[in-house]
Amino acid sequence: VLKDYYNKTLTFSPGLSYSFPATSFFTLSSGLNLNGSWTHIDDWGTHFSDKEDIEKQIKGGKYLLSYSNYENCQLNLLPGGRLRLNINHSFFRQLNYNNTMKYTGVTSNILNFNLYGSYGFLIFNASTSYNLLKDKNELLKNSDLDRFSMLQISLTLNHDEYNFYSNSSYSIYANQIKNIYTNFSIRDREKGLWSVSAGTNFINNLLDSYGHPNSVSQKDTIYFNTSISFNFTKEFSFSIGRWYDLIEKKLLEHSYSLNWHLHCWELNFSWTKRQDNVEEIFFTIYISAIPQFKISKPQSITPSYNLQF
């Protein structure tokens, strides 16, 4: 029979931070923290694998201490904050029970870089990190470029009538683009009767999610999606969405939805044919004044899987 166990836990995290006087060119701040916890177990059962550790806690509790510090610097490369570079360094280390830990208790030692730019309705952002913790023998081909995470780059154009967004992941180690996603939408600004959007998603399958060469050779994928929405009246709207595989040259998924407000009634209906050829139908009707009496009829042949859409 497994016994119940009870934990008494006390945590404390004193810290100190300081911001240097800001200038028009840069700002600098730093901080450090001491994180501690004490845990005492009153009882235990056979479900604990490390019984020796439990016995130590029975006698006097277990203390865990860790230390962390950070430094942050922001450089204003252009006046007015139009282009600024943010550099942050963070360090974490466990101070006790670290004899058997890798890197003698150091759990994180990372530099983060973020470049942000804006001008009018244009916004640009790029970010990556550099892992100072890895040993040389852990790096692929002993290359320091392997310390870099994927470089994330995004570009946004915001306008009253249209919007453009693009996001890309770039592997600094492999010197290749992992994926590029773009989306463009336009709408009727005056009356709001319609909106149209189209987007593409390119995925380089020669690289894995970390930006390293993939051990299994796969075809690249390029998806193209479109959506159209019509508001025939303030009470009645209809939308269509489609996904295409441009490599395989076939339609993968398409969906249709309808929304209808009639006085105090509201009706929502959608039909989708997924990429696995499963059809899904969802139907909801209710009175807006008493939403607790909602009639909902979801119908699907199989459960919804986490598809790549």
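Is Tyr18 buried, partly exposed or exposed? Tyr18 has a relative accessibility of 47%, so it counts as partly exposed, where buried means under 20% relative accessible area, exposed over 50% and partly exposed in between, with a 1.4 Å probe and protein chains only. This is a predicted model, in which local features need pLDDT of at least 70 and side-chain atom pairs count only at pLDDT 80 or more, whereas totals for chains, interfaces and linings use all residues. Residues are numbered from 1 along each chain as its sequence is written, and side-chain values use heavy atoms, with hydrogens and water left out.

**Aromatic pairs**
- The whole structure holds 12 aromatic pairs, counted when ring centres of Phe, Tyr or Trp (its six-membered ring) lie within 6.5 Å, with planes under 30 degrees apart called stacked, over 60 edge-to-face and the rest tilted.
- Tyr18 and Phe20 form an edge-to-face pair, because their ring centres are 4.8 Å apart and their planes stand at 90 degrees.
- Phe20 is partly exposed, at a relative accessible area of 39%.

**A pair within a cluster**
- Phe236 and Trp260 are also edge-to-face, with ring centres 6.3 Å apart and planes at 85 degrees.
- Both are partly exposed, Phe236 at 25% relative accessibility and Trp260 at a relative accessible area of 39%.
- Phe230, Phe232, Phe236 and Trp260 make up one aromatic cluster.
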